[in-house]
Amino acid sequence: MNFKKPVLCTMVLASVACGGEAFEGDAVSAEDLAATRQAAFSGVNGTVCEESAYNCKLRPSGGNRVETNDADDDDSWGITTGVPIRDGNGTVVGTSTRTRSLFNYGQTRTFAGELHAFATSTSNSSSGWLPMSAILGRTSFEEKVGHVSALSSGLSKMACYAVRNSHDPALEVKKVVYDTTSSNERAGDYLPLVRANGLRSANLTFNVPGFGLGGVAVDHFPAGTKFQRLDVPTTNGAPSIDIPLWVLDSAGRYRQQSGTMKFIYGYVIAATGTRRNGWMAYDALEVSSGCP
């Protein structure tokens, strides 16, 4: 056994139950994980929350994507090519060459006088905003997209941060979901990676991954973007949430813990003046100053 720092029993998805004997680096069983799960509760940002009233699903039932009318579909919508992809500041970061995309529920913003929806992946190798006029079946989409924004009223300011212009490649490939078989669900999904346009950018998320809430991005900002941290309440008492990270075990499955990843809550004031609240990975940020 590798006797390293024990995993905190306050984590909802910690690798051991409180008082357990497993340590970081051990393979973890599904039974151990199940023993640490909390019941979901209603909070500020939704009715299905875990660990914090601000760590919630985008909606109480169903998936976090804007659903199509096809029950057998993967909820991807047809889109026209040649339209601009924008980041959270409204800056054009590329031109879309894809013919289909998934869109996260409740996320719409107006850029250049046109309503946009938030795509989970774009031809910029990142999430981003696409004009709603490019979505095939726009009328149906508008009926389904809804609107959800994370809240922050009454939370006190903490330190000012900025999105880093670098990342740790070793951290990037670890998984944020236990025993995942997905090619996604990487720690890199929350880091400022280099995109197709050659620039770094990172996701602002509605919730923290690893809780079965969706781990959904709701906006996307370039390196250098200021992030004002807020004193968010959590059940563990700290103004942050730590989740375990997973690497391959001897059986070739992501069941061996390798460190943790911290998420903090706060907001970005976009170049458009819009305030966007949400969670960001601490590893995506560096201490800064001058937050609005």
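## Aromatic pairs and buried residues in a predicted model

The accessible surface of the protein comes to about 12400 Å², and 50% of this belongs to carbon and sulfur atoms; the areas come from the Shrake-Rupley method with a 1.4 Å probe, and for residues only the protein chains shown count as cover. The model is predicted, with local features needing pLDDT of at least 70 and side-chain atom pairs counting only at pLDDT 80 or more, while totals for chains, interfaces and linings use all residues. Residues are numbered from 1 along each chain as its sequence is written, and side-chain values use heavy atoms, with hydrogens and water left out.

The protein has three helices and 16 strands, taken as DSSP runs numbered from the N terminus (helices H or I, at least four residues; strands E, at least two). Of its 292 residues, 51% count as buried, meaning under 20% relative accessible area with a 1.4 Å probe and protein chains only (exposed is over 50%, partly exposed in between). Among contacts (heavy atoms within 4.5 Å) between residues at least 6 apart in sequence, 58% join residues at least 24 apart.

Nine aromatic pairs are found in a search of the whole structure. Rings of Phe, Tyr and Trp (its six-membered ring) pair if their centres lie within 6.5 Å; planes under 30 degrees apart count as stacked, over 60 as edge-to-face and the rest as tilted. One of the pairs is Phe103 with Phe141, edge-to-face at 5.2 Å centre to centre and 75° between the planes. This pair links distant parts of the chain, since Phe103 is in strand 5 (residues 103-111) and Phe141 is in helix 2 (residues 138-145), 38 residues apart. Phe103 is buried at 0% relative accessibility, and Phe141 is buried with a relative accessible area of 0%.

Tyr190 and Phe263 also form an edge-to-face pair, 5.5 Å centre to centre with 85° between the planes. Tyr190 lies in the loop between helix 3 (169-172) and strand 9 (193-194), and Phe263 in strand 14 (residues 254-269), 73 residues apart. Both Tyr190 and Phe263 are buried. Elsewhere, ring pairs link Tyr54, Tyr265 and Trp279 into a cluster.

Charged side chains also meet rings. Arg59 lies over the face of Tyr105, 4.3 Å from the ring centre, and the charged end of Lys175 sits over the ring of Tyr254, 5.3 Å from its centre. The criterion is NZ of Lys or CZ of Arg within 6 Å of the ring centre and within 35 degrees of the ring normal.

Thr122 is in the loop between strand 6 (114-119) and strand 7 (128-131). Thr122 is buried, with a relative accessible area of 2%. Not counting residues up to four places away in sequence, Thr122 touches Ile85, Arg98, Ser127 and Gly128.
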